[in-house]
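Here is a short briefing on aromatic rings. Please look over the structure first, then read the points below.

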Amino acid sequence: MKPGSESIPHPRHLRAAFLFLTTLPVGPQPDVESSAFSSWAWPVVGACVGILAGSVAFLSILAGTGTAVAALLSIAVMIVATGALHEDGLADSADGLFGGATRDKRLEIMRDSRIGAYGAIAIAVFLIGRHASLDNLLQAGQVFGPLIVACSASRAAMQTVLRFLPMARPDGLAAGFGVPPNLSVASGLVVASFLAFPVVGWQFAPAIAIALATAFVVAWLATRRIGGVTGDVLGAAQQSAELSCMIFLVAAS
């Protein structure tokens, strides 16, 4: 392998991205110098999760369950496929960012695996919001498109936040992952756009822009409260970007 070639987007990064973001069985960890180079593939992973969830929703509706049950099953599939990675980050971020009086206390709370009031409320609100949005879209006959767009755009937003915001601490998941190079981030945004355009048309541009803006608002709040981002903050950014993207698609449908 030539020096520096690892930073060039390559299909081998897909396995690293799936291993990092999902619980899907994709084989052993590939020989990649830094997982950060795989961030361009995060939207691909998101699209695959969206397709999987959309397939379950489609089959559920076909079986006559109705859109409300189909939306519930679809969200459950997304949670299982990702090991609740992002939901856990959302809960920990809510507890820490809003429950601690000092920076050190907030970081301490975020490291605690126990869920508090803020975390429980955040999970409940976001699950209700995702279900209501998806139910509306399914009623409008939109199954795969919104899920592909929201899941891919939110992960493109997540890698962008990781690139441009400082780390809150030198250890932890985000710091250990590394900072994605500019080429990977740009490639990820292009990939997300190519995935979104065929299924929602020109709505892909505002959808991705809204996902990015929402993720950066979450990251900005974290920077104000704890001095940067952590793995938990990335999870909260992904969940917020996904929900805002879904709400936009509901409004635009």
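Ring pairs link Phe197, Trp202 and Phe204 into a cluster. The model is a predicted one. The count of aromatic pairs comes to six. A pair of aromatic rings is described by the distance of the centres and the angle of the planes.

**Phe20 and Trp42**
- Phe20 and Trp42 form a stacked aromatic pair. Their centres are 5.7 Å apart, with 20° between the planes. That angle counts as stacked because it is under 30 degrees.
- Phe20 sits in helix α1 (residues 13–21), and Trp42 sits in helix α2 (residues 42–62). The pair therefore ties together parts that are 22 residues apart in sequence.
- Phe20 counts as partly exposed, at 24% relative accessibility.
- Trp42 counts as buried, at 0% relative accessibility.

**Phe58 and Phe144**
- Phe58 and Phe144 have ring centres 6.4 Å apart. Their planes meet at 40°, so the pair is tilted.
- Phe58 belongs to helix α2, while Phe144 belongs to helix α7 (residues 144–164). The pair therefore ties together parts that are 86 residues apart in sequence.
- Phe58 has 40% relative accessibility, so Phe58 counts as partly exposed.
- Phe144 has 29% relative accessibility and also counts as partly exposed.

**A charge over a ring**
- Arg163 lies over the face of Phe164. The distance from the ring centre is 5.0 Å.

Definitions and conventions
Residues numbered from 1 in each chain as written. Predicted model: local features only at pLDDT ≥ 70, side-chain atom pairs only at ≥ 80, totals over all residues. Heavy atoms only, no water. Phe/Tyr/Trp six-rings, centres within 6.5 Å; stacked < 30°, edge-to-face > 60°. Helix = DSSP H or I, 4+ residues; strand = E, 2+ residues; numbered from the N terminus. Buried < 20%, exposed > 50% of the residue type's maximum accessible area, 1.4 Å probe, protein only. Lys NZ or Arg CZ within 6 Å of the ring centre and 35° of its normal.
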